[in-house]
Amino acid sequence: MKTIGIIGGMGWPSSCAYYEKINSLISTQTGGSHGAKLALIQTDSEEILRLEEAGEWKRLGEIMVGLAEKLKSVEADFFLIACNTMHKSLLLLGDQRLPLPLIHIVDATAQKLTGYKKVGLLGSRVTMTEEYFVGRLTEQYGLEVLVPPPDEQTKVQAAVKELARAVFRDATREMFRGIIAGLVERGAEVVVLGCTEFGRLVREEDCPRPMVDTLVAHVEAAVRMASDEDCMS
């Protein structure tokens, strides 16, 4: 089995979820007391948030590369970034090569969207409006992506920060229900939870259409690669 590397800490609750779900899936598939060969390195979420708000995406990309180097030094075979938004930082690396193969969270998610044409997307404002996620789904996978209107994007962005601190409120869940209903009314055939914290609050019964959690898609792709099954290229 290959060793999975994870860069976590952008929101520590989702980092815990990655660890738990990867080990649970491998244990289920292999039986007995087996778990993952896994290396997890954590960032300081306050520092990452400060750089993100300052628009220092190139610096954030450099941090991701440095952390991937550390994962390589402890013999990780490939790595994940346990945050949708932070994948934007990789776009600004230019010719700088990643030290390890990366399972991109958008590619892992797209594998779960086969058969759909119109996708509703919830995530950080960056995820809902910028090329790294929406552009990748449209240009590489031919999907039409629907996002909430700007005023609702502001509410979803506030929820991202709330959930990253492990604050789970019924009022926030109800807000998500309303926004999801709006996406479905506009024709969304499936709804993507494009923040790795959202699945800890939003449940299947909150969505009248199929729902894809990017964290779960990412975990499943990682386990396939670790198990040497047909996986991401």
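Predicted model: local features only at pLDDT ≥ 70, side-chain atom pairs only at ≥ 80, totals over all residues.

In strand E6, Val-191 is the bridge partner of Gly-120. Strand E6, which covers residues 190-194, pairs with E7 in the parallel sense over 3 bridges.

These pairings belong to an open sheet of 4 strands in the order E5-E4-E6-E7, with parallel pairing. Its edge strands are E5 (144-146) and E7 (211-213), each of which pairs on one side only. Direction ignored, neighbouring strands of the sheet are turned by 30° against each other on average.

How many of the residues of E6 are buried? The strand is mostly covered, with 5 of its 5 residues buried. Val-190, Val-192 and Gly-194 point one way from E6, whereas Val-191 and Leu-193 point the other way, and all of them are buried. Helix H8 (residues 170-185) lies across E4 (118-123), E5 and E6, and runs at about 155° to E4.

The largest nonpolar core can be taken next. It has 79 residues, and Ile-22, Met-64, Leu-122 and Phe-176 are the ones that touch the most other members. Helix H3 (residues 57-73) gives the most to this core, with 8 residues. Because domain 1 (4-104 + 217-227) and domain 2 (106-214) both give residues to the core, it lies between them. For Ile-22, if residues up to four places away in sequence are not counted, the residues touched are Ile-4, Ile-6, Ala-36, Leu-38, Leu-80, Val-219 and Val-223.

A last stop is His-87, which is found in the loop between strand E3 (78-81) and helix H4 (105-110). Is His-87 buried or exposed? His-87 counts as buried because its relative accessibility is 1%, and the cut-off for that term is under 20% relative accessible area. Leaving aside neighbours within four places in sequence, His-87 is in contact with Ile-81, Ile-103, His-104, Ile-105, Tyr-132 and His-218.

Terms used
Residues numbered from 1 in each chain as written. Heavy atoms only, no water. Pairing = 2+ DSSP bridges. Helix = DSSP H or I, 4+ residues; strand = E, 2+ residues; numbered from the N terminus. Axes fitted to C-alpha atoms, helices over the stretch in contact; angles between N-to-C directions. Contact = heavy atoms within 4.5 Å. Buried < 20%, exposed > 50% of the residue type's maximum accessible area, 1.4 Å probe, protein only. Core = buried A, V, L, I, M, F, W, Y, C linked by side-chain atoms within 4.5 Å. Domains from an automatic or database assignment.
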